[in-house]
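Have a look at it with me, and then we can go through my entries.

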Amino acid sequence: MRFMTTSDKPENAPVGESADTADTTEVTGIAAQDWARASADPQYRAAVVDLLGALAYGELAAFERLAEDAKLAPTLVDKAELAKMAAAEFHHFERLRDRLTEIGEEPTRAMEPFVEALDGFHKQTAPSDWLEGLVKAYVGDSIASDFYREVAAHLDTDTRGLVLAVLDDTGHAGFAVEKVRAAIDEDPRVGGRLALWARRLMGEALSQSQRVVADRDALSTMLVGGVADGFDLAEVGRMFSRITEAHTKRMAALGLAA
């Protein structure tokens with residue numbers, strides 16, 4: 001699942017890598033190959049097409065959602081900030097769309113399998129106000145970013161570089177933290193409502209992510225070790241534990257109880 005690029009590094013370092021070790025960890029297997037070599041495996045190619053399709057639609061949906069959120073912005077400064085972030089999300093979408101075309105895949109066809117799940121998530125978690133929208137972007141989207149960063153560590157070098165680039169923070173993380181903490185300082189009662197909202201987002205995001213992977217054979221095979229190197233069922237469990245831990249840290253950054 002992909003909704004909007006947010007990042008609060010170092011928690012979002014690639015799988016198994018901290019900010020201190022990311023540049024020194026030895027990579028092997030597919031993670032050491034380029035796209036031309038790795039894509040010779042048709043199952044791996046299918047998994048990457050799914051991954052890029054999911055990311056591309058997520059970025060497009062993020063662009064649309066930020067444009068809608070801008071309508072709720074309380075000031076012109078906030079509205080302009082969200083518009084700038086929306087433009088960055090659309091640029092990320094363009095990079096993914098162009099990459100799909102470059103490797104001989106039709107972008108719309110690659111995105112279509114993920115439309116229902118992502119649209120369903122957004123429908124079920126439509127924010128009721130400006131603050132809920134900020135928390136959704138920061139908490140919900142960061143969960144998706146963590147998941148894709150975990151997967152990226154096991155991709156070929158070309159695909160990994162692109163995925164990490166489009167997961168780069170558009171500036172929303174610091175913006176959301178500043179605005180939410182200011183609102184809680186002004187009215188502490190806001191914190192309880194937003195904490196409940198964030199917990200709901202966590203559950204929905206993890207549920208939808210797992211559902212998307214389960215529905216796509218190539219992606220699920222990648223995660224349990226049938227395509228990319230290094231993943232097994234135990235590691236999948238540890239991966240979701242790391243994502244949960246990062247969520248707890250983000251809640252603390254917002255001034256909310258996990």
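Entry one, residue classes. I count Ala, Val, Leu, Ile, Met, Phe, Trp, Tyr, Cys and Pro as nonpolar, Asp, Glu, Lys and Arg as charged, and the others, Gly among them, as polar. I am reading a predicted model, where local features need pLDDT of at least 70, side-chain atom pairs count only at pLDDT 80 or more, and totals for chains, interfaces and linings use all residues. Residues are numbered from 1 along each chain as its sequence is written, and side-chain values use heavy atoms, with hydrogens and water left out.

Entry two, the cavities. I searched the whole structure and found 2 cavities of 30 Å³ or more (a cavity is a set of points on a 1 Å grid over the protein atoms alone where a 1.4 Å probe fits but cannot get out; lining residues have an atom within 4 Å of a point). The largest cavity holds about 40 Å³ of space. Its lining consists of Asp69, Leu72, Leu82, Asp129, Trp130, Gly133, Leu134 and His172. By class, I noted 4 nonpolar, 2 polar and 2 charged residues in that lining. Helix α6 gives the largest share of the lining, 3 residues (helices are DSSP runs of H or I, at least four residues, numbered from the N terminus).

I looked up α2 (residues 42-70) and α6 (residues 130-152), which pack at an angle of about 165° with axes 12 Å apart (axes are lines fitted to C-alpha atoms over the stretch in contact, and angles run from 0 to 180 degrees between N-to-C directions). That angle makes α2 roughly antiparallel to α6 (the term applies over 145 degrees). From α2, the contact uses Leu51, Ala54, Leu55, Arg65 and Asp69 (contact means heavy atoms within 4.5 Å). From α6 come Trp130, Gly133, Lys136, Ala137, Asp141, Tyr148 and Val151.

Technical notes. Helix = DSSP H or I, 4+ residues; strand = E, 2+ residues; numbered from the N terminus. Parallel < 35°, antiparallel > 145°, perpendicular 65-115°, else oblique. 1 Å grid on protein atoms, 1.4 Å probe; cavity = no way out; pocket = protein on both sides within 12 Å on 5 of 7 lines; lining within 4 Å. Points joined across faces, edges and corners; volume = space filled by probe spheres on them.
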